[in-house]
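Subject: Structure for you to look at

Hello,

Here is the structure I promised, with its sequence. Please open it first, then read my notes below.

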Amino acid sequence: MFDMKRRDFITLLGGAAAAWPVAARAQQALRVRRIGILLYSQQELPVIRPCLQELQTLGYVDGKTVAIEYRDAEGKYERLSPLAAELVRLNPDVIFSFGGEQAPIVKQATASIPIVVVVSNDPVASGLVASLARPGGNITGLTYVHDQLARKAVELLKEVAPWVSRVAILWNPNHTDPEYRETQRAAGTLSIELQSLEIREPRDFDGAFQAATRDRAEALIVVGARIMFLHRRQIGDFAARNRLILVGNPRWLTEIGGLLSYGSNPPELHRRAAGYIDKILRGAKPADLPMQQPVTFELVVSLKAANALGLTIPPTFLARTDQVIE
């Protein structure tokens, strides 16, 4: 009787041992992947929505095939670092971050968890990656390359308003980006006196606006930093009240009364970011994924703004635009 039980036990043990690898594989297959997303503000959700939609198209449905962990700093810069650390403690498979200001914070929080970013500043100049072709480390993503487009914005301004000679520029010195420097160079070659309006904090806007009015600025160029995006309505209202020609690279400028914008297509970049997240979830390493740049650029012109300013946009100029806002 004892021998029979022993034989049965050994047989059962052997069968269970053989089944263990199968069970382990099944558990691994059923493991839900986790994506961490760090937000500076809820206002960024519409911007990153194309990324989230593309993830769904690729089969990553939040709560079903993937778990997405959001952390929102509610517009408070000092909260970004502890929230990034909190995401790291959750040990997600990948972290997604939008914005040149917070990308270094996420990078500092972890050297092992893969990170995908979308930034407007130069990721090499800011020290985010070693090079565009070979990022190195655990971070990769896409850049708007606004610095490379800075001269184009000035040239387009002079083309539609050749009489302009005094231009103010809103920019954030804390936002590591050569765009201001490149705008200076372009202004110098196009007989434009450029007035620097530095915006580091929200309270700086009032003084900057007063300075632009005092120096009789005729146009306003906006460098696409996060603080400008979050206070874009304030910028648009000021430009409208003072009949300033509002131009720059960010697409949202024409949504707040700007005359024109020339830059990349943000929805396209965020959809491509989803592709990188997918690759990483499938086993790719960020160090092997080059930092991508835009492949297309769009010129958007607002005839509504032109009419309000009393400007006539030449038909030849309109023929080159990608979108005309009536």
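First, a term: two strands pair if DSSP finds at least two bridges between them. Helices (H or I, at least four residues) and strands (E, at least two) are DSSP runs, numbered from the N terminus.

This is a predicted model, so bear its limits in mind: local features need pLDDT of at least 70, side-chain atom pairs count only at pLDDT 80 or more, and totals for chains, interfaces and linings use all residues. Residues are numbered from 1 along each chain as its sequence is written, and side-chain values use heavy atoms, with hydrogens and water left out.

Look at S3 and S4. They pair in the parallel sense over four bridges. Ser-97 stands opposite Val-117 in S4.

Helix H10

H10 has 16 residues. From its first C-alpha to its last it reaches 23 Å, close to the 22 Å expected at 1.5 Å a residue. (The expected span is 1.5 Å times one less than the number of residues.) Is H10 mostly buried or exposed? Twelve of its 16 residues are buried (under 20% relative accessible area; exposed is over 50%, partly exposed in between; 1.4 Å probe, protein chains only). So H10 is largely enclosed by the rest of the structure. The buried residues include Leu-269, Tyr-276 and Ile-280. They pack against H2 and several strands, including S10 (260-264). After H10 comes Gly-283, whose phi is positive, near 120 degrees.

Helix H2 (residues 45-57) holds Pro-46. At 47% relative accessibility, Pro-46 counts as partly exposed. Pro-46 and Pro-267 are 221 residues apart in sequence, yet 9.6 Å apart in space, C-alpha to C-alpha.

The seven-stranded sheet

A second open sheet has the order S7-S6-S8-S9-S10-S11-S12, with mixed pairing. S7 (193-198) and S12 (323-325) stand at its edges. S6 (residues 166-171) and S8 (residues 219-222) run parallel, joined by four bridges. Ile-169 stands opposite Ile-221 in S8. Helix H7 (residues 204-214) lies across S6 and S7, at about 160 degrees to S7.

The cores

A nonpolar core is a set of buried Ala, Val, Leu, Ile, Met, Phe, Trp, Tyr and Cys residues joined through side-chain atoms within 4.5 Å. The largest has 71 residues. Leu-170, Leu-220 and Met-228 have the most contacts inside it. H10 gives the most to this core, with seven residues. Another core, of 31 residues, lies apart from it and includes Leu-311 and Ile-313.

Leaving aside neighbours within four places in sequence, Met-228 is in contact (heavy atoms within 4.5 Å) with residues including Leu-170, Phe-205 and Trp-252.

Best wishes

Note on methods:
Expected span 1.5 Å × (residues − 1). Axes fitted to C-alpha atoms, helices over the stretch in contact; angles between N-to-C directions.
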